[in-house]
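Open the model in your viewer and keep the sequence panel beside it. We will go from the whole chain down to single residues.

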Amino acid sequence: VCTPPIIIVLCLVCTIDAETTMVLAVLQTITIFCGYIGALQTMNVFIFTWFVLGTISFLGTFSILLVVQYKTYQRNLLRSAGKVEQQAMYIREHKLGKRLLIITLTTWSIYPIIWVVEQSGNASTGAITIAHSCLAFFAKMTFGLVLGWYRGHLGWESFSFIGMLTSPTSPLRRRTESVAECEGKSSSSSSS
């Protein structure tokens, strides 16, 4: 259930346009929906049909994400030709996006393996539950830690809410300062 928001964060990090981001979030939601419907089935043919549909949606999500991320990176590099600092920033952002994509794709790819083991009956319910829990913890913790670590290296103060309030370039801060200036002008003009 939490994977579509993770896809959205990946798209934000990779500076992918809003339309593609929504398509990818919907594809990931379809993946989750297929898994849910498959879990409700009792006949193996339907269980595996939903598994295959979910896997196709999952592979589609990541295929599109990888291609669009690379094309966005190439477009940004071309657009910033001759601007060394801006190109260096795009290179750092691309490395972050690529690492997060690899971590996410790798950890999420283990879920279907656990599912196949579960369906084959070769593991106890307890072992499957532990495997799912450990994988979920590792996938989300690693994603968050890598994102947080890189955020500092990329200088993304505005990526956090506190940064949005304290960064001099933050639109929220500039708007608050302009409102304060207007209020200051109106109170000084009314007192004269």
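Predicted model: local features only at pLDDT ≥ 70, side-chain atom pairs only at ≥ 80, totals over all residues.

Residues are numbered from 1 along each chain as its sequence is written, and side-chain values use heavy atoms, leaving out hydrogens and water.

Colour by secondary structure. The protein chain has 7 helices and 0 strands (DSSP runs: H or I of at least four residues for helices, E of at least two for strands, numbered from the N terminus).

Select helix α1, residues 3-13. Its buried residues (under 20% relative accessible area, 1.4 Å probe, protein chains only) are T3, P4, I6, I7, L10, C11 and V13. Just after α1, find T15, with a positive phi of about 50 degrees.

Now select I7. Beyond four places in sequence, I7 contacts (heavy atoms within 4.5 Å) L24, A25, Q28, T61, F62, L65 and W108.

Show the largest nonpolar core, 21 residues. Such a core is a set of buried Ala, Val, Leu, Ile, Met, Phe, Trp, Tyr and Cys residues joined through side-chain atoms within 4.5 Å. I7, L10, F62, L65, L100 and W108 touch the most other members. Helices α1, α3 (44-79), α4 (84-120) and α5 (125-154) each supply at least two residues of this core.

Finish at T31, in helix α2 (residues 18-40). T31 is buried, because its relative accessible area is 14%. Setting aside residues up to four places away in sequence, T31 touches G54, S57 and F58.

Technical notes: Buried < 20%, exposed > 50% of the residue type's maximum accessible area, 1.4 Å probe, protein only.
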